[in-house]
Amino acid sequence: FFFISGRFVMASSISYRLLSPAFVGRTVDCIAASFAEDPFSKVSGLEPKDWAAMSSMFVERAAEKDFSVIAVNSSSGEVEGIMLNEDWKERKPDEYSKLSTKWRPIRAIFNKVHLSFKASHKRYIQPHSVLHPLYFSCVRPEYRKRGIATQLFKESLNIASDNHFDTVVCETSTNQTTEAVTNLGFKEIAAVEYRSFLYEGETVFYPLPSMNPDYQKLLILERPIQSGLVM
């Protein structure tokens, strides 16, 4: 058992704990493996090494804080899932701007939903008010549909409450994930359909629904946090 957010949590052979520096390498490996065959990777030409290069800069700094949760295989010690959480106001690492140009369409579509979220808030979003699970939070394919992602979200909601955040905001790229977070109380703020999104005049994500019908649109959703929340 592991102690997290004031509770001991364990599910079958998976244990949930806060991300720490000792798990950085295994967490990056989990992300790279999880997105290896992802439709976004295929249409963008992204390889596991691209996901590792992008995610490592975020994982390393997240490991220095107590906001992110990992699902650890109790037998092998490998990371099978990660919910990488940051303050919404956290600036992107300097290295982020130096990533391969292959990332630009993905960055553009996420920027579009982010702008919609900001526009929905009439007041300035204060630091340490919104906790943001990053879009490359994931579970390895062979460990999906076991409730791991839902448990990672639940732990993240408790972390938000314990650290006095007002809101949790997340993006979902599939219908299945949208349904899961909606069941946890998240409400849609904005959405962009993949087939209609234009990047430099091209419908770069048009093939996604044909590749996998679960991919229809990118959404951004939010959920208010009540102090003392226990799930």
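Helices (H or I, at least four residues) and strands (E, at least two) are DSSP runs, numbered from the N terminus. A pocket, on a 1 Å grid over the protein atoms alone, is an open set of points where a 1.4 Å probe fits, with protein on both sides within 12 Å along at least five of seven lines; its lining residues have an atom within 4 Å of a point.

The model is predicted: local features need pLDDT of at least 70, side-chain atom pairs count only at pLDDT 80 or more, and totals for chains, interfaces and linings use all residues. Residues are numbered from 1 along each chain as its sequence is written, and side-chain values use heavy atoms, with hydrogens and water left out.

**Stop 1: the largest pocket**

Select Ser137, Cys138, Arg144, Thr174 and Thr177, which lie nearest the centre of the largest pocket among its 41 lining residues. The space here is about 980 Å³, a volume being the space filled by probe spheres set on the grid points, which are joined across faces, edges and corners.

Next, colour helix 5 (148-162). Helix 5 gives the most to this lining, five residues. Other elements that supply at least two residues each include strand 9 (167-172) and helix 6 (175-182).

**Stop 2: the second largest pocket**

Now select Glu90, Lys92, Asn111, His114 and His132; of the 20 residues lining the second largest pocket, these lie nearest its centre. Its volume is about 490 Å³.

Which element gives the largest share of the lining of the second largest pocket? Helix 4 does, with six residues.
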